[in-house]
Every structure is written in structure tokens, then in C-alpha cells.
Amino acid sequence: MTVETELDTTIDNPANRPAYVRIATGTAAKAAKTYGCVTDLGDRPVRTVRLPVPEEEFEPLPDASGMCAGIHPTSGVTTVGETTRAGAPRETRLLGDDGLGNHCYSLDAYFGAYAVQLKAGCDEEAEYSSDSTPADAPKGRLPGDGDYWGSAACPADGERAVFELRRASAGDERRLMERERECARTVLRTFAEHSAKAHGRSAPTTP
């Protein structure tokens, strides 16, 4: 369950975040009841909610202890913004080159319904392109230079999880050197292995 708004309020204001949480959790609770889902809804109202990845919480890459643990610093990639969200069906990590929240790469993991939604969008895009996508191949290269995806099978429901690495726009369209692409593939592989293991998926397939 996600909540988005185009009103004048913003989640950057801590006073506004509980309202969004009440909307999300209230709707999720009703959906769980309607569809017969077994889940722990908790019994305490949410009073405060932190931002998922505050900019000031970017940390040196060697200190990463979550899904980005083991990724080695390289030119342009020395910091990471990550949070602990055990079992979350959607994960995002940011790799950057300073402590100001500027990032070079985004790492995303999609599980369950999120993976289904992602692949459905790929099916629509495939109508206009002959390139493979996460909807029809277990791994591959995304349209952007240095952007890749991988996937992992789920023994329980058969739905493959999808892991993506995308390079942030650098303001120039220079072609990457092969060593930079290899670095990107290594980063994706490490992230996918940690994430797949944490969610009980099979070993991932990556480029």
C-alpha cells in the first residue's frame, strides 16, 4: 500500500507523515480483511514517522551492513543510503559519491505484486521494441547505458523477483567504459544476492 499526494502538504514535514501512514495502514487493514490476508496489524497508533533515507544518513560504503554490504568503493561510488526493511516487497538503495545525498546509482528490488506490476509495464513497452525486458528474460541490459536487471525465482509462489540498477543522469551522455559497466554489474550482483537471500528466493541470475 502506497500513498501519494499532489496537495500542498509534503512528507518532508514530520507533522504530516502520520496522516499519510494512517491512510495507508487503514486502507491496508481493510484490504487484508476483504481478501482474507493473515497479517499483524499492530495495536499502537503511529505518532512519528522518519523519512526512509534522510540525506544526512548517507554513510561510507564500507560501513554498509544491509543489502549493500560487500560492495567495494570505486570512482564515483563511495557512499550509500539504505534502510533496514525486513521482508519489504519493494526496496531501494542509493549509491553516491558524497555525503550530501547526491547519488550515482539506484538499486531497486521488486517482489510479489510489485514484480508483477513492473513486468506488466514491460509487456506494454515490448509492443514497441524487440529488446528483452524483465517480463520475458531473467536478466539483461536496460535501455540506459550501464543499466541492468536480474531476477530470482521464488519457490513458494513461482513469481520471479526483479532487481534493477540504474545510473543517475550525469548531465552528459558520454559512453561508459567497459570497466564501468563491469563495476555496475558487480554492484547489481552483490545487491541481488543479499536481497534474494533475505527474502527466501533462489540464487539470482544477473548479467
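Student: How many aromatic pairs does the structure hold?

Tutor: The structure holds 2 aromatic pairs. Rings of Phe, Tyr and Trp (its six-membered ring) pair if their centres lie within 6.5 Å. Planes under 30 degrees apart count as stacked, over 60 as edge-to-face and the rest as tilted. This is a predicted model, where local features need pLDDT of at least 70, side-chain atom pairs count only at pLDDT 80 or more, and totals for chains, interfaces and linings use all residues. Residues are numbered from 1 along each chain as its sequence is written, and side-chain values use heavy atoms, with hydrogens and water left out.

Student: Why is the pair of F111 and F163 called edge-to-face?

Tutor: The angle between the planes is 80°, and over 60 counts as edge-to-face. The centres are 5.9 Å apart, and the limit for a pair is 6.5 Å.

Student: What makes this pair a tie between parts of the chain?

Tutor: F111 lies in the loop between β4 and α2 (112-126), and F163 lies in strand β7, so the pair ties together parts 52 residues apart in sequence. Helices (H or I, at least four residues) and strands (E, at least two) are DSSP runs, numbered from the N terminus.

Student: Why do F163 and F191 count as edge-to-face?

Tutor: Their ring centres are 6.4 Å apart and their planes are at 85°, so the pair is edge-to-face. F163 is in strand β7 and F191 in helix α3, so this pair ties together parts 28 residues apart in sequence. Ring pairs link F111, F163 and F191 into a cluster.

Student: Why is F191 called buried?

Tutor: Buried means under 20% relative accessible area, exposed over 50%, partly exposed in between (1.4 Å probe, protein chains only). F191 has 0% relative accessibility, so F191 counts as buried. F163 also has a relative accessible area of 0%, so F163 is buried.

Student: How do you know whether S195 is buried or exposed?

Tutor: S195 has a relative accessible area of 0%, so S195 is buried. S195 sits in helix α3. Beyond its neighbours within four places in sequence, S195 is in contact (heavy atoms within 4.5 Å) with M67, E91, A109, F111 and F163.

Student: What makes up the largest nonpolar core?

Tutor: A nonpolar core is a set of buried Ala, Val, Leu, Ile, Met, Phe, Trp, Tyr and Cys residues joined through side-chain atoms within 4.5 Å. The largest has 25 residues, and L95, L107 and F163 have the most contacts inside it. Helix α3 gives the most to this core, with 7 residues.

Student: How confident is the predictor in the protein?

Tutor: The mean pLDDT (confidence in each residue, from 0 to 100) is 80, and 79% of the residues reach 70 or more.
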